[in-house]
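Please keep the sequence and the model open as you read.

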Amino acid sequence: MPDISVFILIGVIVIAVLVLFTFVPVGLWISAWAAGVKVGIFQLVGMRLRRVIPHRVVNPQIKAVKAGLDMSTDKLEGHYLAGGNVDRVVNALIAAQRANIDLTFERCAAIDLAGRDVLEAVQMSVNPKVIETPFIAGVAMDGIEVKAKARITVRANIDRLVGGAGEETVIARVGEGIVSTIGSARNHKEVLENPDMISQTVLKKGLDAGTAFEILSIDIADIDIGKNIGAGLQTDQAEADKKIAQAKAEERRAMAVAQEQEMKARVEEMRAKVVEAEAEVPLAMSEALRSGNLGVMDYMNFNNVKADTDMRESIGKATDDGEETQDQTSTKPRR
């Protein structure tokens, strides 16, 4: 029996030791104690209870202490619970200290929680970054399109990283400045002869206001000639004017045709009136004969005159037809 109790005791001790090493990071506590970081066992247990991964807080603290920074465990744990990247914040603070940049832990943590890479910002403060824009097209006063590509050298402004605009805003502002500068040139030759005019004009506008960067220089990397926009617009305008003129001419032609048809209708109307008037002549003559205003001899003379007139008209038509036939015969070639 005593032997069994001894084995049970040994088993309980082994299980307790395993649970202790599993729940309490003893190895991490030993590493912190060896590095001079004051982290207690119960503090590590409290991290476990607060659902904090201990090595993500203690390891960056060891790194900070070895770099000469005074970092409290509570601040690092609070930043971790807020959703920040403790290791990146510590690396940024170490880089800022080495570069003699005044950066506090609170400022660094705020930048990290704002979603910006604070370590990259510190590195960019030491080593400026070059942003290359795509080809930006502008049209000079002579109507020629000019395309320019710029390289923007920027340095991170740590004081404006929280709430400051990003690279997209800088590129958009520089593009707007390039377009306005090209548009104010009298002709495209001025831009080609002096590309530095663009960079100098754009740089004077203070485009980095309200952004997280400080623009150091703007250099024109490439410049090219595009389409003749002015000529294209004039061609389109001429084509539009041509279509308008054609439409107005068609309208006038249609009005002329309508007026011609109207005149033909009026001619037919007048002919109808003449026929109607001629139809009243026999009625008037018969009325004159009945009333005695016209005698029989007068009526016979009227018929003779009318017959004589018809004969003369028929003779005249025959003569005209003969002359026309003779003219046509004379134009035929002789065989």
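The side chains of Glu132 and Lys149 come together in a salt bridge, with 3.6 Å from N to O. A salt bridge here is a side-chain nitrogen of Lys or Arg within 4 Å of a carboxyl oxygen of Asp or Glu. The model is a predicted one, in which local features need pLDDT of at least 70 and side-chain atom pairs count only at pLDDT 80 or more, while totals for chains, interfaces and linings use all residues. Residues are numbered from 1 along each chain as its sequence is written, and side-chain values use heavy atoms, leaving out hydrogens and water.

Back to that pair: it links distant parts of the chain, as Glu132 sits in strand β1 (residues 129–132) and Lys149 in strand β3 (residues 144–156), 17 residues apart. Helices (H or I, at least four residues) and strands (E, at least two) are DSSP runs numbered from the N terminus. Glu132 is partly exposed at 41% relative accessibility; on this scale buried means under 20% relative accessible area, exposed over 50%, and partly exposed in between (1.4 Å probe, protein chains only).

By the same rule the count comes to 13 salt bridges. The table lists some of them, including the pair just described.

| Glu132 | Lys149 | 3.6 Å |

Where does the Glu214 and Arg155 pair sit in the chain? Glu214 belongs to strand β4 (residues 213–228) and Arg155 to strand β3, 59 residues apart, so this pair also links distant parts of the chain. Glu214 is partly exposed, with a relative accessible area of 31%, and Arg155 is partly exposed at 29%. In the remaining row, Arg186 is exposed at 61%, whereas Glu190 is partly exposed at 21%.

Now for the serine. Is Ser199 buried or exposed? Ser199 is buried, with a relative accessible area of 7%, and lies in helix α11 (residues 196–203). A polar atom of the Ser199 side chain lies 2.9 Å from the backbone oxygen of Asp196. Leaving aside residues up to four places away in sequence, Ser199 touches Ile218 and Ile220, where contact means heavy atoms within 4.5 Å.

Finally, the domains. The chain is divided into domain 1 (13–126) and domain 2 (129–228), with bounds from an automatic or database domain assignment. Their C-alpha centres lie 42 Å apart. The contact takes 12 residues from domain 1 and 14 residues from domain 2. Together the domains bury about 1000 Å², 65% of it on carbon and sulfur atoms; buried area is the accessible area (1.4 Å probe) that two parts lose on being put together, summed over both. Arg107, Arg116 and Met124 supply 55% of the area that domain 1 buries against domain 2, more than any other three residues.

How many salt bridges are there between domain 1 and domain 2? The count is 0. On the side of domain 1 that touches domain 2, α7 (105–113) and α8 (118–126) each supply at least two residues, and α8 gives the most, with 5 residues.

Notes
Polar contact = N/O pair within 3.5 Å; in protein donor to acceptor, adjacent residues only side chain to side chain.
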